[in-house]
Amino acid sequence: MTHPRRLLPDYVDFRPLGRCNLACPFCYGPRHDMPTMSEDDALRVAEILRAERVKGVVFSGGEPTLLPYLVRLAAALGAPYESGAPGPRLVLSTNGLAPVARMHQIVPHLDWLALPLESADADENATLRIGHPRQQQRVLELLKEVRRTYRAVGIKLGTVLTRQNVKGAHRVLELIQDDSSLPDTWKIYEMSPTNYGADNREALALTTEEFEEAVERCGKAAVDRGVEICVYRNSTRSGKYFFVDPDGSAVIIEDGQERRLGNFFELHSTGALSLRDAVAHEGNQHNFTSTYPTWPRTRSPFAAGEVL
Ligand code: SF4
């Protein structure tokens, strides 16, 4: 049922920072030199999202684990409501480089963790995940650790298909030999022509035909391992996303491009623009729920008071 006061889309992508410890050439997050949102403002965003009974929030960036206040923010945003109803479902999209000890502070607050692997081939992976020579290895270690420790947290693996990894992308699951460490969902992304992705599009983007052929190879590999696969295509991107950016801007995707609507706090408080109607409800919902389905299991070990 729709909450009577709801003025926002059901699902929100919260990007409190652009800063990152990698420099992926296809990155479509905010520019890395954009100043980071203050903790006070991030908590104000969280308060509004909760008051509006937003159903799900994806933390991304930039690299969210670089935020000193991420644990406090996730705890505040995801806490159960006074009525006992669960808070918004939380997803963390991370490059996998945070120390495992730090991830143990964060993961208990999450419903899903989104991790990236671009290729089974270490060199191919490194040409796209620029800045840390062991990123591929670190993701695999983190995947194993989270799978082992937090059974109730879903894991999405993401792979962006480009010219640089088209040979090894479909073999990504081969890196995970133990079936118990496999992700719940593997999402294959077409490279988005936004921000750094726009700068490097010519060198990296596949043709539609090449992309669909690579998707087919990934699909077969996913079926072989019993992993759900979903595909992100630029042609269906518009209207699905509602971002809150580091500078407090509300951002949507329109005609395949980012459109900045204005300051989130001002737009929300004045009601000058219907932020809820700025996205297509069904597309916004389907995009989140098809990638991060609800599980017939406890929300998270932390929220349920259960230690696994
Ligand atoms: S894609 Fe993610 S990990 Fe890569 S530079 Fe952008 S924010 Fe960082």
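Helix α1 passes helix α2 in a right-handed crossing, meaning that the near helix is turned clockwise from the far one by less than a right angle. This is a predicted model: local features need pLDDT of at least 70, side-chain atom pairs count only at pLDDT 80 or more, and totals for chains, interfaces and linings use all residues. Residues are numbered from 1 along each chain as its sequence is written, and side-chain values use heavy atoms, without hydrogens or water.

**Helix pair α1 and α2**

- The axes of α1 (residues 39-51) and α2 (residues 70-78) come within 9 Å and cross at roughly 15°. α1 is therefore roughly parallel to α2 (angles under 35 degrees).
- Helices are DSSP runs of H or I with at least four residues, strands are E runs of at least two, and both are numbered from the N terminus.
- Axes are lines fitted to C-alpha atoms, for helices over the stretch in contact, with angles from 0 to 180 degrees between N-to-C directions.
- E39, A42, L43, A46, L49 and R50 of α1 meet R72, L73, A76, L77 and G78 of α2. Contact means heavy atoms within 4.5 Å.
- By class, this contact has seven nonpolar, one polar and three charged residues.

**Nonpolar cores**

- The largest nonpolar core has 64 residues, of which F14, L49, F59, W186, F242 and F264 touch the most other members.
- A core is a set of buried Ala, Val, Leu, Ile, Met, Phe, Trp, Tyr and Cys residues joined through side-chain atoms within 4.5 Å.
- Helix α8 (residues 208-225) gives this core its largest share, six residues.
- Another core, of 16 residues, lies apart from it and includes L22, F26, Y189 and Y241.

**Buried sites**

- S181 sits in the loop between β5 (154-161) and β6 (185-190). Its relative accessibility is 7%, so S181 counts as buried (under 20% relative accessible area, 1.4 Å probe, protein chains only; exposed is over 50%, partly exposed in between).
- Beyond four places in sequence, S181 touches L143, K144, R147 and I176.
- Y292 lies in the segment after α10 (281-291) and is buried at 6%.
- Beyond four places in sequence, Y292 touches V58, R89, V91, W112, A114 and K156.

- Most residues other than glycine have a negative phi, and most peptide bonds are trans.
- A cis peptide bond joins G61 and G62, with omega about 15°. G62 is in the loop between β2 (56-59) and α2.
- R53, not a glycine, has a positive phi of about 55°. R53 lies in the loop between α1 and β2 and is partly exposed at 29%.
- N195, also not a glycine, has a positive phi of about 50°. N195 is in the loop between β6 and α6 (196-199) and is buried at 18%.

Conventions
Parallel < 35°, antiparallel > 145°, perpendicular 65-115°, else oblique. Nonpolar A, V, L, I, M, F, W, Y, C, P; charged D, E, K, R; others polar.
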